[in-house]
Amino acid sequence: MTALTASGLTGPHRWLRAHPRAADLLLAAAVFALVMTGSYATAHTRQHPPGPGFVTLAVVACGCLVWRRRAPRAVLGLTSVLTVAAAVAERDGPPHTQVALAAAVALCTVAARTERSTAWRIAVLTVIAITGAVMLLGPAPWYSQESFGLLAWIGLAGAAGDAVRSRRAFVAAIEERAERAERTREEEARRRVAEERLRIARELHDVVAHHIALVNVQAGVAAHIMDSRPEQARQALAHVREAGRSALEELRATVGLLRQYGDPEAPTEPAPGLGLLDRLVDGFGRVGLPVAVAAVSTLPGGQGATDEAAGAAAVLGPLPAAVDLTAYRLVQEALTNAHKHAGPGARAEVSLLRGADSLQLTVLDDGAGPPADGTGSGGHGLVGMRERAAALGGRCEAGPRDGDVPGFRVRATLPLSAPA
């Protein structure tokens, strides 16, 4: 609400709000101009123009308005006294009550900055004091139109100040209500999130505690009576299988609550592996990065070696699913980096070597290559490659090629005994 209000201000309004003393100076000058204009505008004032004493009082009264924010009640009292002095200074003509405009501005300021009951008491006392003094001490007759006009203008000033105060209070109440509603909404959202987390944690605890305890008991029974009573052991194992199935179904239902609307479904196609290496190499070849592939197997009875990407999987033989996927992802990321950083005309080589207990892969290119720390473009490709290899108990190294040979090298070793 405050931001909306501030954004609706124009340039001059915003500047005046930021410089209140300048705004008060402009107001004092405008009030003085209106006082002097009113002093010479009417017919009877042209017949009885105000003298230099009136001008002096008008200057002092309007000048007091510069301090109306700092000392509003003192300014109101001083302008009221000057208004009465200007009205009764000259006895040969109608009272010059135009200085009352400065008192009206001061009264409006006091009413806008004071609570309602006090503001109305001050307004009534000001109206009575100024009007009564002018009627009693000013030129005759006391019931002149200037006296009643003075009563009306000062009363309207008090009402205007009360209206300004009410509007400010209304706007402040709306802003406070909006802020409180925003805080309440955020607190309610946090409370509901905490309750939902507690409920899901409770559900998971119940599911896991119940079914795992049941599986543990039934498995212990099956192990105890496997030799003596095999039929009952098979029944216990059937209970274990049923408990496991129930646990999986309940876990799936509970964890499914965490899936947001619109999340993609779980993929149904098999995970990629080195069997798709030929497609990967062809894809990079079509975008301008020729890739040569060499696969070698040192296992006894293996196919030996090949220089074709399509036969690499057959040469290497069956690999653990995790190793197969990780090897494919490492080659994919290394060739992607080579395509992005090696430059035009670069070539890449992929070497795969399967041993008895590990798979070694090397990706070389003859371009500039990305920085060894993986911070060249703000990405995390090389870091992710190292993390993938480390997750299987292997290692991955990336850096410039040895010697003076230009290019970049990625070398990884993945143990074949890595868990799935």
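Predicted model: local features only at pLDDT ≥ 70, side-chain atom pairs only at ≥ 80, totals over all residues.
1. Overall make-up. The chain has 14 helices and six strands. Of its 420 residues, 35% count as buried. Where contacts link residues at least 6 apart in sequence, 68% of them join residues at least 24 apart.

2. The six strands make an open sheet with mixed pairing, in the order 2-1-3-4-6-5. Strand 2 (305-306) and strand 5 (395-400) are at the edges with a single partner strand each, so one side of each has no neighbour in the sheet.

3. Strands 3 and 4. Strand 4 (residues 358-365) runs antiparallel to strand 3, and seven bridges join the two. One point to look at is Ser351, whose bridge partner in strand 4 is Thr362.

4. Helix against sheet. Helix 14 (residues 381-391) lies across strand 5 and strand 6 (408-415). The angle between helix 14 and strand 5 is about 150°.

5. Arg354. This residue belongs to strand 3, which covers residues 348-354. Arg354 is buried but has no salt bridge. A polar atom of the Arg354 side chain does lie 2.7 Å from the backbone oxygen of Leu316. Leaving aside residues up to four places away in sequence, the residues that Arg354 touches include Val296, Leu299, Leu316, Pro318, Leu359 and Leu416.

6. Salt bridges in helix 9. The structure holds eight salt bridges. One of them joins Glu176 and Arg180, with the closest N and O atoms 2.4 Å apart. Both residues lie in helix 9 (residues 145-225), four residues apart, about one turn of the helix. Glu176 is partly exposed at 37% relative accessibility, and Arg180 is partly exposed at 36%.

7. A second pair in helix 9. Arg185 and Glu182 form a salt bridge with closest N and O atoms 2.3 Å apart. Here the spacing is three residues, again about one turn of helix 9. Arg185 has a relative accessible area of 49% and Glu182 has 34%, so Arg185 counts as partly exposed, as does Glu182.

8. Glu188 and Arg192 form a salt bridge, the closest N and O atoms being 2.9 Å apart. They are separated by about one helical turn because they stand four residues apart in helix 9. Glu188 is partly exposed at 28%, whereas Arg192 is exposed at 55%.

Technical notes: Residues numbered from 1 in each chain as written. Heavy atoms only, no water. Buried < 20%, exposed > 50% of the residue type's maximum accessible area, 1.4 Å probe, protein only. Lys, Arg positive; Asp, Glu negative; His and termini not counted. Salt bridge = Lys/Arg side-chain N within 4 Å of Asp/Glu carboxyl O. Polar contact = N/O pair within 3.5 Å; in protein donor to acceptor, adjacent residues only side chain to side chain. Contact = heavy atoms within 4.5 Å. Pairing = 2+ DSSP bridges. Axes fitted to C-alpha atoms, helices over the stretch in contact; angles between N-to-C directions.
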